[in-house]
Amino acid sequence: MSKKSILSLMRPTGKLHLGHYLGVLTNWVKLQEENDCYYGIADWHALTTKFDETDSLRQNTIEVLLDWLAAGIDPNKAKIYLQSLIPETAMLHIYLSMVTPNNWAERDPTLKDMVKIMKAKGSNEESLSYGLIGYPILMSADILNFDADFVPVGIDQVAHIEITRDIARRFNNIYKTDILKEPQPKLTEIPLLKGMDGNKMGKSFHNDIKISDDEETTEKRIMTAITDRSRLRKTDLGHPDECEVVYPYWKIFGSGEETEEIRCACEKGQIVCAECKKRLAKKVNEKMAPVREKRKFYENNLREVHDIITEGSKKAQIKAREVLDKVEKAVMVYR
């Protein structure tokens, strides 16, 4: 059986955290073993909301790539590419934008969320860019340009794929062809990894642990983590299921035996939260040690990193060109 084509992108937001590692990257590593995977860094998408904040774009791109490679994304198994190095995607975006009704783009839930963010920053309706409004169409071009069979998404992101399917179907109907493949969502169960304050983990919230953090930084962050708010004194009996951050982390990073040991000790008041956090920090650091070691290797070999993204983009461009050629022949009678 031929391999299935899988496409997934990530914006270059800088150093990634453990939520990215456990929720996205470990899944990508599994997928690359048996599929034809295209993993792209979406630097054009970054411009839709931060077109005036590009000073850090290059470094943020490098940081994301370093974390991908450290996590196990293998350039020999997956095409690792930079969106802006695939001009065919921009060209496909133009063709798709011609056949896509305006209200299809406006109904995209992610676009609505992005508009809310921009307005919260002071933008009004008139100052929202064409690039932002056209974001769903560019996203569809990303997917369709690589004949993707599947796109890994969480349940809340299925709408992304639906608009892409709608656009592909409309294009094929208009030009009486079957060039554009209708992708399917590949539902991914993304574990909820809270930040140290009990809220969603995020760099902007200053509650995250980064993949690249050293052992000391990791321990300091974990020592600030929220535990069982009802446990006021050291001698109080604990309630692991009401522990907001630390015990859920134990269930991820500890073995079954270790986690059960912590549960029993907590419920009997035999371990204080500070000690529990110290032990957890040790487990997290043990788990992340090989990943961080690999990241340091690539940090010291940036020439190799540059070659990886350059060569990966060239490979990805071959497929993108094939799809675009078919689209142009269908649309433009003189091609």
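This is a predicted model: local features need pLDDT of at least 70, side-chain atom pairs count only at pLDDT 80 or more; totals for chains, interfaces and linings use all residues.
The contact between them involves Ile62, Leu65, Leu66 and Leu69 of H3, together with Leu302, Val305, Ile308 and Ile309 of H14.

- Two packed helices are described by the angle between their axes and the distance between the axes.
- Helix H14 covers residues 302-331, which amounts to 30 residues.
- From its first C-alpha to its last, H14 reaches 42 Å, close to the 44 Å expected at 1.5 Å a residue.
- The buried residues of H14 include Val305, Ile308 and Ile309, and these three also take part in the contact with H3.
- Further along H14, buried residues include Gly312, Ser313, Ala316, Ala320, Val323 and Leu324.
- Val327, Glu328 and Val331 of H14 are buried as well.

- Strand S1 (residues 5-10) has five of its six residues buried, so it is largely enclosed by the rest of the structure.
- S1 runs parallel to S2, and six bridges join the two strands.
- In this pairing, Ser5 stands opposite Asp36 in S2.
- S1, helix H1 (residues 18-31) and S2 form a right-handed β-α-β unit.
- Strand S2 (residues 36-41) is also joined to S3 by five bridges, and S2 and S3 run parallel.
- Here Cys37 stands opposite Ala78 in S3.
- Strand S3 (residues 78-82) is mostly covered, with four of its five residues buried.
- In a regular strand the side chains alternate between the two faces of the sheet.

**Loop residues with positive phi**

- Asp147 lies in the loop between helix H8 (135-144) and strand S4 (150-153).
- The phi of Asp147 is near 50 degrees, a positive value in a residue other than glycine.
- Asp147 has a relative accessible area of 14%; because the limit for a buried residue is under 20%, Asp147 is classed as buried.
- His206 belongs to the loop between strand S5 (184-187) and helix H10 (215-222).
- The phi of His206 is near 55 degrees, again a positive value in a residue other than glycine.
- His206 has a relative accessibility of 63% and therefore counts as exposed, since exposed means over 50%.

Conventions. Residues are numbered from 1 along each chain as its sequence is written. Side-chain values use heavy atoms; hydrogens and water are left out. The expected span of a helix is 1.5 Å times one less than its number of residues. Buried means under 20% relative accessible area, exposed over 50%, partly exposed in between (1.4 Å probe, protein chains only). Two strands pair if DSSP finds at least two bridges between them. A crossover is right-handed if, with the strands pointing away from the viewer, the path from the first strand over the helix to the second runs clockwise. Contact means heavy atoms within 4.5 Å.
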